[in-house]
Amino acid sequence: MNVTTFTFNAFSENTYLLHDETKECIVIDPGCYDKSEQEELTSFVAAQGLHIKQLVNTHCHVDHVLGNKFISDKYKVDLVIHEADLPTLRAVAVYAPSYGFTRYQELLPTKYLKEGELLQFGNTELQILFTPGHAPGHVVFYHAPSEQVIGGDVLFNRSIGRTDLPGGNYQILIQSIKTKLFTLPDSVTVYPGHGPSTTIGEEKKFNPFLR
């Protein structure tokens, strides 16, 4: 499985394209807001000959959903999230203008992700892990064969997701990390919603919030 990272919008949010040898692809957390960001993503898709099959969000804070409507319209794909994060998504239209995102367009999901199910594209299967704490319906996507996890805003390089936003809960976040992410092999690479990638083993050893 190939992971391609784009960093978009004023929050320096990481948008991920996952694709395999079939050229099928899923878009995770499209933060592309302005035209130049949208063109950067679509140019890559076209140059690589990728076929966008799904659009998913790890969670639905504004910086992770700004490009949902654009991706859905451009590639004719529906949005899929965890049902517990629907209120988080619905709130974005209310507060997005206060962050300067006056052209945000709401896109609602057509179905929901559930822990224990698989997210599939091409020859690739991703495990869905429910990891609330940063947001009520946060999920991460784990590809066991390549030891890679798309982690959203749960675990960062030497940090963790913030819990002072509506729906956040520090104790639940720590529990999600320890019971879901830290049970994965130490060699697993974590691709977070912001900042550089890390590994499970590195964060077990050096993350000051998790000692």
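**Salt bridges and a sheet**

A: We can start with a pair of charged side chains: Glu 203 and Arg 158 form a salt bridge, with a distance of 2.9 Å from N to O. This is a predicted model.

Q: Where in the chain do Glu 203 and Arg 158 lie?
A: Glu 203 belongs to helix H6, while Arg 158 sits in the loop between S11 and S12. The two are 45 residues apart, and the pair links distant parts of the chain.

Q: Is Glu 203 buried or exposed?
A: The general idea is a cut-off: a residue counts as buried when its relative accessible area is under 20%. Glu 203 has a relative accessibility of 0%, so this residue counts as buried.

Q: Which residues are joined with Glu 203 into one network?
A: Salt bridges can share partners, and here they connect Arg 158, Glu 202 and Glu 203 in one network. The side chains of Glu 202 and Arg 158 meet at 3.1 Å, N to O. That pair, too, links distant parts of the chain: Glu 202 is in helix H6 (residues 200-206), and Arg 158 is in the loop between strand S11 (155-156) and strand S12 (159-160), 44 residues apart.

Q: What is the relative accessible area of Glu 202, and what is that of Arg 158?
A: Glu 202 is partly exposed at 31%. Arg 158 is also partly exposed, with a value of 31%.

Q: How many salt bridges does a search of the whole structure find?
A: The search finds 7. One of them joins the side chains of Glu 115 and Lys 180, at 2.8 Å from N to O. Glu 115 is partly exposed, with a relative accessible area of 40%.

Q: Now the strands. How do strands of a sheet pair?
A: In general, they pair through backbone hydrogen bonds, and the pairing is either parallel or antiparallel. In this structure, 6 strands make an open sheet with mixed pairing, in the order S7-S8-S9-S10-S13-S14.

Q: Which are the edge strands?
A: They are strand S7 (118-121) and strand S14 (198-199), each of which pairs on one side only.

Q: How many bridges join strand S8 to strand S9?
A: There are 4 bridges between S8 (residues 124-130) and S9 (residues 139-143), and these two strands run antiparallel. Ile 128 stands opposite Phe 141 in S9.

Key: Residues are numbered from 1 along each chain as its sequence is written. This is a predicted model: local features need pLDDT of at least 70, side-chain atom pairs count only at pLDDT 80 or more; totals for chains, interfaces and linings use all residues. Side-chain values use heavy atoms; hydrogens and water are left out. Two strands pair if DSSP finds at least two bridges between them. A salt bridge is a side-chain nitrogen of Lys or Arg within 4 Å of a carboxyl oxygen of Asp or Glu. Buried means under 20% relative accessible area, exposed over 50%, partly exposed in between (1.4 Å probe, protein chains only).
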